[in-house]
Amino acid sequence: MTDGDFRHVYVIIEHEDGKILQVSLEMLGEARRMMDDFNKKYLSKEKVVAVLLGYNIKEISKTLIQHGADAVVCADNQELRFVRNTVYTKAISQIASDREIATNIEPEYAVQFKRPRYMFFGADSIGRHLSATVMAHLDSGLASDINKLVVADLQITHQNKTGGKPLTYEKTLEMYRPDFSGFLWTTILCLDNRNPATQKDFHPQACSIIPGVFEVIKPDPQRQGTIINYTPRFDEQDLKVKIIDRKIVKSEIDFDSHKAVVSFGRGVKDLPEQNIKLIEELASEIDAQIGITLPLSKRPFSVSQTVDSTYLIPDRVIGTSGRKVSPKVYVAVGISGAMQHIAGMKDSEFIIAINPDENAAIRNECDVFVKGRMEDVIPIFIEEIQKQKQAVQA
Ligand SMILES: Cc1cc2nc3c(=O)[nH]c(=O)nc-3n(C[C@H](O)[C@H](O)[C@H](O)COP(=O)(O)OP(=O)(O)OC[C@H]3O[C@@H](n4cnc5c(N)ncnc54)[C@H](O)[C@@H]3O)c2cc1C
């Protein structure tokens, strides 16, 4: 195992009926920025490779090149029309291990090629699932829900990995993940085991990336790249699950037709039932739909059956694990502002936060921060809104 066995960053692209998902373009943008630095610092010919699976999707390849890919591996196949985990896992794993593809990407680096150096997936429901099964297939590790990436040379001393000796790991991907509601960043490394007794490589160094974190690069229509068509190989066994029909089930919670959204989080904890009723009242005054943070969907508080089944439900979660909203007004009540929540509401036009903790991360995301407890602030809001309404009617 040498450094030359692993080359390039492969970005797994998702699309819905031919429309590329935003997170895929964001990942391409970050891969481009990262690889531009990598090319200057280390090896000039490693590439950003977009991996595109689907049916009747060839046209999308050009858009991916305009958004930063040097090469697109396009598996356009009827069996890939809809995402099926077994089939997609197999196709992506084949692409990641294929030396002929590597030759088309960069012949100079193909002789030793075993697998990609780095691999990115979107941290959405499909990407999270696929990243886990592909990495299990490729026998490497995975860091999930990442929001910052750095390539660095690191000196590591580890009982298992290095046999207790200090060793330099070059071109290591530091994958940062927000934990404890974003109060702590964990850095995750996926390191080869270089202990002579238990030697094993762990490549690709792979992660799933939180939507809404990285910038999409400005598309350049003049940008040139290589399009590599690939035909995956499936056994009868892989194709056992067939998709006969597919319907997108519309959620019963309609955020789109409301101009305002009032969301609440764990800050309701002191008086959950009463606080949720207050929030309900505020939402009704401004004709807002009600959202929640992810922990609330795990039903952490004891409340009446009606409140529980109306509000503490996954369908109302805003963020990477739930819905993305962009109302004119977003009111965040008792929400700390974790990255995963912000990704779901940051495109709102005007954001108000109510929180007693002036150091809460939500403060950096809002237009108006009201320092205070919801129990004290919301009644004043309601009173003021009612006065304003009466003034308008008079
Ligand atoms: C893989 C993964 C995916 C995730 N996806 C999502 C997602 O899609 N959506 C999501 O929301 N989270 C998601 N999370 C969880 C996320 O990281 C945070 O843990 C979560 O958003 C925090 O919820 P919170 O703001 O309700 O709670 P906390 O972080 O506990 O914040 C509560 C806030 O309430 C304030 N407060 C306390 N008392 C009051 C009061 N009386 N009045 C007003 N404010 C008060 C506190 O000061 C605090 O800021 C995900 C996490 C992981 C690991």
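How much area is buried between domain 1 and domain 2, and what percentage of that area do carbon and sulfur atoms give? The legends below take up this predicted model view by view.

**View A. The two domains of the protein.** Here the protein is divided into domain 1, covering 3-239, and domain 2, covering 260-393. Taken over C-alpha atoms, the centres of domain 1 and domain 2 are separated by 37 Å. Where the domains touch, domain 1 brings 11 residues to the contact and domain 2 brings 9 residues.

**View B. The surface buried between the domains.** To answer the opening question, about 820 Å² is buried between domain 1 and domain 2, and carbon and sulfur atoms give 56% of that area. On the side of domain 1 that touches domain 2, you will find 6 nonpolar, 3 polar and 2 charged residues. Between the two domains there are 0 salt bridges, while 1 residue pair is in polar contact across the interface, with both residues at pLDDT 80 or more.

**View C. The residues around the ligand.** There are 30 residues around the ligand, and those that come nearest are Arg266, Thr293, Ser321, Ser336 and Asn355.

View D. Look for serine 336, where an N or O atom of the side chain is 2.6 Å from an oxygen atom of the ligand. Asparagine 355 also takes part through its side chain, with a polar atom 2.8 Å from a ligand oxygen. Leucine 294 uses its backbone instead: one of its N or O atoms there lies 3.0 Å from an oxygen atom of the ligand. On its own the ligand has 990 Å² of accessible area, and the protein covers 85% of that.

How values were computed
Residues are numbered from 1 along each chain as its sequence is written. This is a predicted model: local features need pLDDT of at least 70, side-chain atom pairs count only at pLDDT 80 or more; totals for chains, interfaces and linings use all residues. Side-chain values use heavy atoms; hydrogens and water are left out. Domain bounds come from an automatic or database domain assignment. Contact means heavy atoms within 4.5 Å. Buried area is the accessible area (1.4 Å probe) that two parts lose on being put together, summed over both. A salt bridge is a side-chain nitrogen of Lys or Arg within 4 Å of a carboxyl oxygen of Asp or Glu. A polar contact is a pair of N or O atoms within 3.5 Å; within protein, one must be able to donate a hydrogen and the other to accept it, and residues adjacent in sequence count only if both atoms are side-chain atoms. Ala, Val, Leu, Ile, Met, Phe, Trp, Tyr, Cys and Pro count as nonpolar, Asp, Glu, Lys and Arg as charged, and the others, Gly among them, as polar. A residue is near a molecule or strand if one of its heavy atoms lies within 4 Å of it. Accessible areas come from the Shrake-Rupley method with a 1.4 Å probe; for residues, only the protein chains shown count as cover.
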